[in-house]
Amino acid sequence: MGVLQPTQDAELINRKASKKGKTDKDLLKRNKITESEPDTEKREMETDSKRPTQNPTELNLQPVKFQCQISFQFDLASLICLVVGIATRFYNLTQPHSIVFDELHYGKYVSLYMKRTFFFDSQPPLGKQLIALAAYIGGYTGDFKFVAIGAAYPENFPLFAVRFIPALCGALLPVSVYYLLLQLGLKQLTAATAAFLILFDNALLTQSRFILMEPMLLLFSVFGLYCLLKFIRCRESPYTFAWFAWLIVGLFSLTAAVCIKFVGLCSLLLGFYVVWRDMWSLVANKNLSIWSLVSQALVRAVVLFAVPVALYLSLFHVHLSILNKAGPHDSVMTSAFQASLEGGLASITKGQPLQIAHGSQITLRHSHGRTCWMHSHAAVYPVRYPDKRGSSHQQQVTCYSFKDVNNWWIVKRPSRSDLAVSRPIDAIKDGDIIQLVHGMTSRALNSHDVAAPVSPQNQEVSCYIDYNISMPAQNLWRVDIINKDQVGDVWHTIESMVRLVHVNTSQALKFSGKQLPDWGFNQHEIVTDRVVIQDDTVWNVEEHRYTKSDDQKERERDMVHAEMIPTRPTTLSFWDKIVELHMKMLFSSSDTLQDHMYSSQPLDWPLLSRGIAYWVNTTTNAQVHLIGNVAIWYSGTIAIFSYCVLLVWYLCRMRRKIYDISADEWARFDLVLEIALFGYGINMLPYFCVERTLFLHHYLPALVFKIVLLAAFTEHALTVARSCRWSNLIYWPLQILFASWLLMILYVFVQFAPLSYGCSSFTVQQLLSLRWRDSWDFIMQRSALDVDMLL
């Protein structure tokens, strides 16, 4: 059937409209076909009108043809980035054939994965799982002992496989940055420039060649943001496959970054901002109904919550399922957690009873935070402290971080004078009043109105010595079982979490976390605190045995030879384990503030004041040193400052209704600001607030965003130069300056590349020639120095 001409079409519409009571004039306005249609459309209409008409019956008999078209776009620039990335990251990957820097720690974790032995790390497990998977595929069985930095790997160690994942992520990072800048609306040349900067930064190269976490962290962060920007492009077609796919994949990738290191949370928060910023822009669209906006916001909220939580918990479930055997790290965890592991505190044991009773010999472990056991010894508190405060001069009670015979205590009913367990046993229940008698000195746990030695706001805890003075014993304690709903109201070994509340003062026995001076043998302080409900007042029984005799010598002999092994395994749910593990990871991290010759501060990073020595050959001065490309780092710092100045300038000018750049250029400028500058800030600023030892590699996530901003700033500068009135005078000089800058970056990369690969020998003069700043501390072996002096 031919296509109707415009006049015929209008007449037909008018006839139909008249039947519905509508005027010709209104419908002609609504359906008017203007005379300004493209000539191509008119030609198509004329061609269609010349086609022979067909019988509708014949049309229905025609077979339906389905066409599937697959388009493939070839991006030469991204392919070059990938090839160069693989070449630079995988070149001589097995050299140096020795343990380099933090390979010492991550290699141990890989070995423990192979042996399914539990280990504790303050960071999430995904990065270690990926490397362990590559090692498993490479045939590694976990037999190598990672002893010290510089120790040689055995010949049969699959070093290429173990270093493969970080190198692959390092090779893919430039490509991801390239596509991220394209999604930001920047030119292909700008995207290629950013990829070039990533490729030829020496710090990023160094970090990609060893068993380290940062390459995976950076790749997942950048790729996740790229996916979310692709998701925003689908705003006009919500709930489609592409809309859901880009959103879910982007969140999956950003959550994977969090599962590498917690610092990936900064990128995830930036991703959340991108999604909700786009949602806010949709609110201004009057074509969308309130219901449409609310439903889309709810769907986004559900996906933003469900994907990260599901992935995060799944990875920890895999982690805890694999690591089901006891090992050297499980002492960090609570007794109940240890008792859930195979082969350690968890195994079926000999003779340890479950119920605590009158006459029970127990060790009391601090349940949360630092691992230590309540302890006492014959030493007493000094009569007077350095601040002139007096003490009770009673026997010291401390928290000791090691298993010791002085950790044993005997549970006693105040109404009974014997200490032996009778049959039937007199079980201790929630709310019972008890005394705790120190096993080796037979003195009762006591507290009184005397300030604690290091925490004077709290009350001192001691073992009472009767000096025949007006300070009577106050040694009664009430047992509060805080998880009695789960384990019952009888005090149980390992499982029961208890607070011991001093009867006379209603204060709880507490681990203060502070260390005693030399007179306290540098053990940790135990006090009582009027704030009863807090984690540091929670204790649990770890070792337990029944007292068989009232004879003190026999009791002491039994305690000295006691097997500190529990008798029954404990089952913890996945939720119990993950909560406890995260409490340890977040609040008892081993990353305390320590002095390190290569540590640095956040203010040192933008101008590359310090590097890190990763590895050195003791005979040739060949070494791996984490140092960035100064041309990139300094240029990036200048670009950040310039970008902020331009932002203030533009905002002030726009406030005065003066617009120096086009709306499209301002939109790009603003988007780069929100992604790159915010990304830099959110990855940089938190380090000013943490109290831990920091190193240069902590700056690498912020560095990637700085490079993105640097590339975007170069495009903006060239665009403004091209549009200004003096464009003929400054544009080409800027182009020449830009090319010279790229050549300088390449030159610096070549100069410092031997410090990334660790394959080249150095003389002392060569190392000194690379010391462009006095604060750069390259390692120079004395033997090499002696040889140079002889020459």
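Visitor: Before we start, what does "buried" mean here?
Guide: Buried means under 20% relative accessible area, exposed means over 50%, and partly exposed is in between. Keep in mind that this is a predicted model.

Visitor: OK, so how many residues of strand β12 are buried?
Guide: Eight of the eight residues in β12, which covers residues 539-546, are buried, so the strand is largely enclosed by the rest of the structure.

Visitor: Which strand does β12 pair with, and in what sense?
Guide: β12 pairs with strand β1, residues 360-366, in the antiparallel sense over six bridges. As one example, Arg365 has Asn540 in β12 as its bridge partner.

Visitor: Let's move to β8. Which residues are on its covered face, and which on the uncovered one?
Guide: In strand β8, residues 477-481, the covered face has Trp477, Val479 and Ile481. Arg478 and Asp480 are on the uncovered face.

Visitor: How many bridges join β8 to β9?
Guide: Five, and β8 runs antiparallel to strand β9, residues 498-502. Ile481, from the covered face of β8, stands opposite Val498 in β9.

Visitor: And how many join β5 to β8?
Guide: Two bridges, again with the strands antiparallel; β5 is residues 433-438. There, Ile434 stands opposite Trp477 in β8.

Visitor: Helices next. At what angle do α12 and α14 pack?
Guide: About 40 degrees, with their axes 9 Å apart; α12 is residues 241-260 and α14 is residues 290-322. Angles under 35 degrees count as roughly parallel, and α12 and α14 are therefore oblique to each other.

Visitor: What's the handedness of that crossing?
Guide: α12 passes α14 in a right-handed crossing. On the α12 side the contact includes Trp243, Phe244, Leu247 and Phe252, and on the α14 side the residues include Val299, Val303, Leu311 and Tyr312.

Visitor: How do the contact residues of α12 with α14 divide up?
Guide: Into 17 nonpolar, two polar and one charged. Arg300 of α14 is one of the residues making the contact.

Visitor: Staying with α14, is Ile322 buried or exposed, or partly exposed?
Guide: Ile322, which has its place in α14, is partly exposed, with a relative accessible area of 28%.

Visitor: What does Ile322 touch, leaving aside its neighbours within four places in sequence?
Guide: Tyr113 and Arg116. Leu112 is 210 residues from Ile322 along the chain, and their C-alpha atoms are separated by 9.9 Å.

Visitor: How about α5 and α9, at what angle do those cross?
Guide: Roughly 0 degrees, with the axes of α5 and α9 (residues 188-199) coming within 11 Å. That makes α5 roughly parallel to α9.

Visitor: Which residues meet there?
Guide: Ala77, Cys81, Val84, Gly85 and Arg89 in α5 meet Gln188, Ala195, Ile198 and Leu199 in α9. The residues of this contact divide into six nonpolar, two polar and one charged.

Visitor: Last one: where is Ser756, and what's it in contact with?
Guide: Ser756 is in helix α22, residues 727-757. At 1% relative accessibility, Ser756 counts as buried. Leaving aside neighbours within four places in sequence, Ser756 is in contact with Asn202, Leu205, Thr206, Arg209, Phe210 and Val624.

Note on methods
Residues numbered from 1 in each chain as written. Predicted model: local features only at pLDDT ≥ 70, side-chain atom pairs only at ≥ 80, totals over all residues. Heavy atoms only, no water. Buried < 20%, exposed > 50% of the residue type's maximum accessible area, 1.4 Å probe, protein only. Helix = DSSP H or I, 4+ residues; strand = E, 2+ residues; numbered from the N terminus. Pairing = 2+ DSSP bridges. Axes fitted to C-alpha atoms, helices over the stretch in contact; angles between N-to-C directions. Parallel < 35°, antiparallel > 145°, perpendicular 65-115°, else oblique. Left-handed = near helix turned anticlockwise from the far one by under 90°. Contact = heavy atoms within 4.5 Å. Nonpolar A, V, L, I, M, F, W, Y, C, P; charged D, E, K, R; others polar.
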